[in-house]
Amino acid sequence: MRLAAVLVLALGANAQTLPFLSDKEIAAMASEVSGETAKRNLEGLARQHRMRGSRGFVQASDLVLAELKRYGFADARVESFPTDGKIFYGTQRSRPAWNADFAELWELDANGAHATRLASWEASPISLAQDSASADVTAELIDVGAGSAESDYANRDVRGKIVLASAQPGPVAEQALRRGAAGIVSYAQNQRTAWYGENDNLVRWGHLETFASEKTFAFMVSLKTARALQQRLASGPVRLHAKVVASLENGDYNIVTATIPGSTQEEIVFSCHLDHPRPGANDNASGCASILEAARMLSKLIAEKRLAPPRRTMRFVWPPEIEGTLALLNGRPQLAKNIRAAVHLDMVGGGPETKAIFHVTRGPASQPSFVYDLADSVALFVNAQTEAFAKTGSARFPLVAGDGSKDPLRAELAPFAQGSDHQVYSDSSFGIPAIYMNDWPDRYIHTNLDVPANIDSTKLGRAAFLAAASGYALATLTPDDAPALQKMMEPFALERRAQAMRRGTLPFSDWYEREMRASVDRFFRGEHVTAPRKVKGTMSAFGYDYFDDHYTGPAIRLKPEHRYEALNLWDGKRSDAEIRAMLSAIYEDVPLGDVTQYLDALGAIGVIPRAGTVPSK
């Protein structure tokens with residue numbers, strides 16, 4: 001009797017625990033997924049400098065397209081959306097393609113000859129800031145500190161000189177160019193984490209403003225190189241020769257897409273972003289390679305009849321980050337209406353050296369959806385399986401690649417945070433719930449050391465499994481699954497209510513849980529919760545900020561991280577006071593006047609219909 005009880009417990013621990021996927025379906029996906037295949041594709045993508053619309057982006061797109069066709073996707077193709085700096089896709093002003101052919105920065109000797117090469121596009125394209133313009137300049141170098149404030153230029157004559165600055169090139173250019181500077185050398189450091197500034201060999205990705213009225217160039221160097229230049233400046237003049245051949249050109253947002261057709265017009269989209277600098281292995285070759293692996297795996301299993309065909313079409317897309325997704329959803333409005341949910345992967349392969357923590361991130365609190373609990377359930381399942389394997393060497397679904405780690409996944413279930421394409425889908429003008437899988441921190445993000453060697457093929461395979469399991473479940477759900485979904489949400493709801501009790505936000509919690517339950521019925525009815533917006537999309541994206549470009553009034557007091565939810569909560573029915581109360585429950589106490597000021601500003605620039613506002617521009 002006692003032995004029987006032990007066996008029952010052991011079997012229970014290894015049985016499937018996901019009410020929306022059968023044990024057979026889980027086993028099929030777990031046995032087929034290949035982190036090794038994902039990493040091979042990642043290595044190909046990481047060879048390209050993948051700026052939007054550039055030749056490198058096209059070559060990366062060609063790699064994805066070729067693999068999809070090899071995997072049997074008959075409809076694999078490129079969707080193109082023209083970019084000329086004038087066309088708008090909702091709130092996104094299209095950015096022209098940027099291509100560079102040559103760039104070198106040399107330090108000159110006393111005779112004016114090239115002595116030391118400080119940067120080379122051919123060797124490391126990340127050393128040239130994005131959107132740099134052509135130039136051929138020989139000039140003295142001058143240190144301007146951060147270079148982004150008026151005070152940095154006090155008693156410094158930068159006219160005709162190249163400035164050495166610690167800030168990103170964009171804000172430096174605003175100050176330096178109007179004082180006659182000839183160009184920029186930046187040693188901007190990486191995002192602030194616990195490892196900030198530790199590695200002085202990192203060269204960070206730099207940006208100039210695409211739509212700046214005055215063009216210039218900027219080279220990116222390491223902190224080590226900058227310190228050496230500063231030491232030489234202390235002893236006397238330093239002269240540099242900078243040559244750049246680069247241009248902004250009319251082009252296209254090219255978005256590779258392919259589908260596994262369903263029996264209805266509804267779709268589940270698997271998303272990533274294909275752009276970013278070479279090597280960009282974790283950001284975001286990892287997400288791109290993982291959904292490519294999810295596509296291969298699901299297509300193969302369905303063709304072999306190991307998985308049933310989906311009810312809802314599963315679509316896979318590889319756009320430029322945020323701006324490409326805005327172009328896709330605005331440029332193909334029927335597609336946006338058909339999408340029931342999105343599974344978005346951005347940085348999912350960081351190995352131990354990156355110090356990455358993997359997150360399964362919920363959508364915004366303003367948009368409750370059972371989709372997030374479903375993804376959390378899959379993540380907890382994978383956590384349990386991989387932890388069991390790490391501790392005992394045995395698990396039904398260890399999800400380990402032959403050349404990868406054996407560590408447990410330890411996926412963190414995280415609240416909403418901005419920073420990638422999921423925020424476009426979840427914007428209230430589209431109302432598409434989006435699961436967001438991502439690594440943070442990553443000590444090498446946006447640097448020359450974001451290389452394939454730091455990527456774990458086991459983690460890529462697990463990310464592909466998480467995406468495939470979540471997306472396939474969403475693609476196959478029927479109304480008969482509604483009771484099981486409601487039951488799945490119950491423990492999550494209890495945990496959220498306990499948190500709300502501690503924070504004193506029970507009224508908002510009650511609303512949230514009602515909407516969570518209602519989201520199940522909305523999903524099966526094919527409904528989105530959207531707001532009657534005059535223009536569709538987020539207020540800011542890469543290289544362009546719709547709000548800043550249109551608004552000319554007083555500085556907005558509402559914190560940037562609160563603005564997204566404030567606009568999402570606006571539905572044309574709620575009062576400012578109601579939005580303020582909900583926003584305060586999500587974040588912290590928010591002044592009503594700050595909410596009203598921001599909503600009035602949105603009305604003034606024509607984003608939302610708002611009585612009593614006057615157009616700003």
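Hi everyone. Let me start with a definition: a helix axis here is a line fitted to the C-alpha atoms over the stretch in contact, and the angle between two axes runs from 0 to 180 degrees between their N-to-C directions. Two packed helices are described by that angle and by the distance between the axes.

Which residues of α17 meet α18? They are Asp 576, Ala 577, Ile 579, Arg 580 and Leu 583, and on the α18 side they meet Leu 592, Val 595, Thr 596 and Leu 599. By class, the contact of α17 with α18 has six nonpolar residues, one polar and two charged.

Now a second pair, from another part of the chain. Helix α2, residues 23–32, packs with helix α12, residues 457–476, at an angle of about 150 degrees. The axes of α2 and α12 are 10 Å apart, and their crossing is right-handed. From α2, the contact takes in Glu 25, Ile 26, Met 29 and Ala 30, while α12 brings Phe 465, Ala 468, Ala 469 and Tyr 472. Seven of the residues in the contact of α2 with α12 are nonpolar, one is charged and none is polar.

Let's move on to the empty spaces. Rolling a probe the size of a water molecule over the atoms shows where empty space is left. The largest pocket holds about 710 Å³. How many residues line the largest pocket? There are 24, and those nearest its centre are Arg 362, Pro 415, Arg 496, Gln 499 and Tyr 512. We meet α17 again here: β16, α13, α14 and α17 each supply at least two lining residues. Which element gives the most to this lining? That is α13, with six residues. Sorted by class, the lining of the largest pocket has 13 nonpolar, seven charged and four polar residues.

The second largest pocket has about 520 Å³ of space. Its lining is made of 21 residues, and Gln 418, Met 539, Ser 540, Ala 541 and Asp 545 lie nearest the centre. Strands β18 and β19 and helices α15 and α16 each give at least two residues to the lining of the second largest pocket, with α16 giving the most, at five. In this lining, ten residues are nonpolar, six polar and five charged.

The peptide bond from Arg 278 to Pro 279 is cis, with omega near 5 degrees. You can find Pro 279 in the loop between β12 and α7. Another cis peptide bond runs from Asp 283 to Asn 284, with omega near -5 degrees, and Asn 284 is in helix α7 itself. In the loop between α7 and β13 sits Lys 305. Its phi is near 60 degrees, a positive value in a residue other than glycine.

Finally, a word on confidence. The chain has a mean pLDDT of 95, and 96% of its residues reach 70 or more. Where does pLDDT stay under 50? Over residues 1–15, for which the model has four contacts beyond four places in sequence. Where pLDDT is low, the predicted coordinates should not be read in detail.

Note on methods. Residues numbered from 1 in each chain as written. Predicted model: local features only at pLDDT ≥ 70, side-chain atom pairs only at ≥ 80, totals over all residues. Heavy atoms only, no water. 1 Å grid on protein atoms, 1.4 Å probe; cavity = no way out; pocket = protein on both sides within 12 Å on 5 of 7 lines; lining within 4 Å. Points joined across faces, edges and corners; volume = space filled by probe spheres on them. Helix = DSSP H or I, 4+ residues; strand = E, 2+ residues; numbered from the N terminus. Nonpolar A, V, L, I, M, F, W, Y, C, P; charged D, E, K, R; others polar. Contact = heavy atoms within 4.5 Å. pLDDT = per-residue confidence, 0-100. Left-handed = near helix turned anticlockwise from the far one by under 90°.
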